[in-house]
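Let's take a walk through this protein together, from its overall build down to a few individual side chains. Have the sequence and the 3D view at hand as you read.

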Amino acid sequence: MPVVEVGHGNGLGASSLQTGRAKLSDSGMLSTVREALTSARMGVFMGPGWGTSDDLRGALRHGAQVFRIAAHRTEADVTERHLGFVAEHGGQAQGVLMMSHMAGPSQLAEQRALHHAADRSKGMMVCTGHGAGEFIRGMRQ
């Protein structure tokens with residue numbers, strides 16, 4: 001089933017003078033999209049530090065179903081609390097490792113293990129750029 005991801009480019013809670021103000025609040029965007037969706041699921045993106053559990057709670061109230069929680073490629077552990085919160089409240093939790101194209105397969109495999117050890121995430125998304133075969137082999141080890 002398709003997912004429509006809603007929000008400020010930097011995710012929930014990120015509309016600010018530093019990153020740019022969104023025309024609508026997170027709540028306004030989520031409400032507008034929820035009313036318009038007929039079959040696709042609604043998703044959101046959040047980076048801990050920009051967004052908080054309160055932002056996730058608000059997205060859940062507006063009917064968000066898919067939650068991508070992001071962290072720097074070497075800091076997957078900062079997503080554990082938020083992934084757990086989403087999973088405990090019935091959302092589909094996905095971890096995202098940003099800048100993963102700058103890490104080797106072994107470093108990403110270590111971060112992947114953190115996600116699986118917490119058993120909070122239904123998956124982890126990475127952007128590998130060049131060398132996808134090497135990355136996949138490293139992740140299988």
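Among contacts in the protein between residues at least 6 apart in sequence, 69% join residues at least 24 apart; a contact here means heavy atoms within 4.5 Å. Before going further, a word on the source: this is a predicted model, in which local features need pLDDT of at least 70 and side-chain atom pairs count only at pLDDT 80 or more, while totals for chains, interfaces and linings use all residues. Residues are numbered from 1 along each chain as its sequence is written, and side-chain values use heavy atoms, with hydrogens and water left out.

The secondary structure comes to five helices and five strands, and along the sequence they follow the pattern β-α-β-α-β-α-β-α-β-α. Helices (H or I, at least four residues) and strands (E, at least two) are DSSP runs, numbered from the N terminus. Of the 141 residues in the protein, 40% are buried. Buried means under 20% relative accessible area, exposed over 50%, and partly exposed in between, with a 1.4 Å probe and protein chains only. The protein exposes about 8000 Å², and carbon and sulfur atoms supply 51% of that area, by the Shrake-Rupley method with a 1.4 Å probe, where for residues only the protein chains shown count as cover.

The strands β1 and β2 run parallel and are joined by four bridges; two strands pair if DSSP finds at least two bridges between them. Five of the six residues of β2 are buried, so this strand is largely enclosed by the rest of the structure.

Which residues of helix α1 (residues 26–36) are buried? They are D26, M29 and L30. Seen down the helix axis, the buried residues of α1 fall within an arc of 95 degrees, so they line one face of the helix; the arc is that of the directions from the helix axis to the C-beta atoms. Their cover includes β1, β2 (41–46) and α2. On the other side of α1, E35 and A36 are exposed.

H62 lies between α2 and β3 and is partly exposed, with a relative accessible area of 23%. Not counting residues up to four places away in sequence, H62 touches S27, L30, S31, R34 and M42. The C-alpha atoms of H62 and S27 are separated by 7.6 Å, although the two residues are 35 apart along the chain.

Finally, turn to the charged side chains. Side chains of opposite charge can pair when their charged atoms come close. A search of the whole structure finds two salt bridges, each a side-chain nitrogen of Lys or Arg within 4 Å of a carboxyl oxygen of Asp or Glu. In one, the closest N and O atoms of R68 and E5 are 2.6 Å apart. This pair links distant parts of the chain, R68 being in strand β3 (residues 66–72) and E5 in strand β1 (residues 3–6), 63 residues apart. E5 is partly exposed at 40% relative accessible area, and its bridge partner in β2 is G43.

The other salt bridge joins D54 and R57, with 2.5 Å between the closest N and O atoms. These residues are three apart in helix α2 (residues 53–61), so about one helical turn separates D54 and R57. D54 is exposed, at 55% relative accessible area, whereas R57 is partly exposed at 35%.
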